[in-house]
Amino acid sequence: MRKIDYVIKNLSPINFAEKSTDSIFYATKKYITGSALRGALAAQYITDNKLKEAHVDEGFNKLFLSN
C-alpha cells in the first residue's frame, strides 16, 4: 500500500453533509470523503476514455472496482 499526499482546491462551493444529532439538520463535514474522490476520478476516467460501459473496461475494473 502507498500513501499519497496531495492538495485539492475546489473551483466552486461543495458540501458533504452528515447527519447531526438533530433529526432535521445536517452538518457539513470538514473533509472530502474518499468515496467522493474515487467517484470523481472514476467519472473523469470514463469521460477521458469515452466509455459506454465502464464496468466491462479492464483498466476501469483494475483501478476502481478491484480490491
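**Burial, core and pocket in a predicted chain**

Colleague: How much of the chain counts as buried?

Modeller: Of its 67 residues, 9% count as buried, meaning under 20% relative accessible area with a 1.4 Å probe and protein chains only; exposed is over 50% and partly exposed lies in between. This is a predicted model, so local features need pLDDT of at least 70 and side-chain atom pairs pLDDT 80 or more, while totals for chains, interfaces and linings use all residues. Residues are numbered from 1 along each chain as its sequence is written, and side-chain values use heavy atoms, with hydrogens and water left out.

Colleague: What order do the elements run in?

Modeller: From the N terminus on, β-β-α-α. Helices (H or I, at least four residues) and strands (E, at least two) are DSSP runs, numbered from the N terminus.

Colleague: Why is the chain said to be more spread out than a compact globule?

Modeller: Its radius of gyration is 16 Å, well over the 11 Å that the globule rule gives for 67 residues, so the chain is more spread out than a compact globule. The radius is taken over C-alpha atoms, and the rule is 2.2 Å times the number of residues to the power 0.38. Along the principal axes, the C-alpha atoms fill a box of roughly 45 × 25 × 25 Å.

Colleague: Which residues make up the largest nonpolar core?

Modeller: Five residues: Ala-42, Tyr-45, Ala-54, Phe-60 and Phe-64. H1 and H2 are the elements that give two or more residues to this core. A nonpolar core is a set of buried Ala, Val, Leu, Ile, Met, Phe, Trp, Tyr and Cys residues joined through side-chain atoms within 4.5 Å.

Colleague: Tyr-45, then. Why does it count as buried?

Modeller: Tyr-45 counts as buried because its relative accessibility is 19%. Tyr-45 lies in helix H1.

Colleague: And what is it in contact with, beyond four places in sequence?

Modeller: Leu-51, Asp-57, Gly-59, Phe-60, Leu-63 and Phe-64, where contact means heavy atoms within 4.5 Å. Tyr-45 and Phe-64 are 9.8 Å apart, C-alpha to C-alpha, and 19 residues apart in sequence.

Colleague: Changing topic: what volume has the largest pocket?

Modeller: About 380 Å³. A pocket is an open set of points on a 1 Å grid over the protein atoms alone where a 1.4 Å probe fits, with protein on both sides within 12 Å along at least five of seven lines; lining residues have an atom within 4 Å of a point. Points are joined across faces, edges and corners, and the volume is the space filled by probe spheres set on them.

Colleague: Which element gives the largest share of the lining?

Modeller: H1, with 4 residues.
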